[in-house]
Amino acid sequence: MGTAPAAVPCPDCGAVSTRTFSAPMLARIPTAVSKQLQRAERSASEPEVVTSLPQRRTRGAVAIHPATRRLPRP
Ligand SMILES: [Zn+2]
């Protein structure tokens, strides 16, 4: 232990790069991405329960093609 030099030359350009330390086994990803990943993992074993229906989309949000205008609607 402790045999690594404090700085080593870059194999490409030869510039000196200093040694940096970071916490092991910790992902350095944005918080929003981390939360979504945790939510996806959680939903595999304990999915969120839906208690109400999603709100209906308002008409007109989807463009209706003129050829299908006279077809029956649900
Ligand atoms: Zn370099």
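**Exposure and extent of the predicted chain**

Gln-36 counts as exposed because 11 C-beta neighbours lie inside 10 Å. The cut-off for exposure is 12 or fewer. The model is predicted. Gln-36 lies in helix α1, which covers residues 31-45.

Lys-35 also belongs to helix α1. Its surroundings hold 10 C-beta neighbours inside 10 Å, so Lys-35 counts as exposed. A residue would need 20 or more other C-beta atoms within 10 Å of its own to be called buried.

The length of α1 agrees with expectation. At 1.5 Å a residue, its 15 residues should span 21 Å, and the end C-alpha atoms are 22 Å apart.

Gln-36 and Ser-22 are 14 residues apart in sequence, and their C-alpha atoms are 24 Å apart in space. For Lys-35 and Met-25, the sequence separation is 10 residues and the C-alpha to C-alpha distance is 17 Å.

The secondary structure of the chain consists of one helix and two strands. Read from the N terminus, the order of elements is β-β-α.

The overall dimensions were also computed. The radius of gyration of the chain is 28 Å. A compact globule of 74 residues would have a value near 11 Å. Along the principal axes, the C-alpha atoms fill a box of roughly 80 × 35 × 15 Å.

Methods: Residues numbered from 1 in each chain as written. Predicted model: local features only at pLDDT ≥ 70, side-chain atom pairs only at ≥ 80, totals over all residues. Helix = DSSP H or I, 4+ residues; strand = E, 2+ residues; numbered from the N terminus. Rg over C-alpha atoms; globule rule 2.2 N^0.38 Å. Expected span 1.5 Å × (residues − 1).
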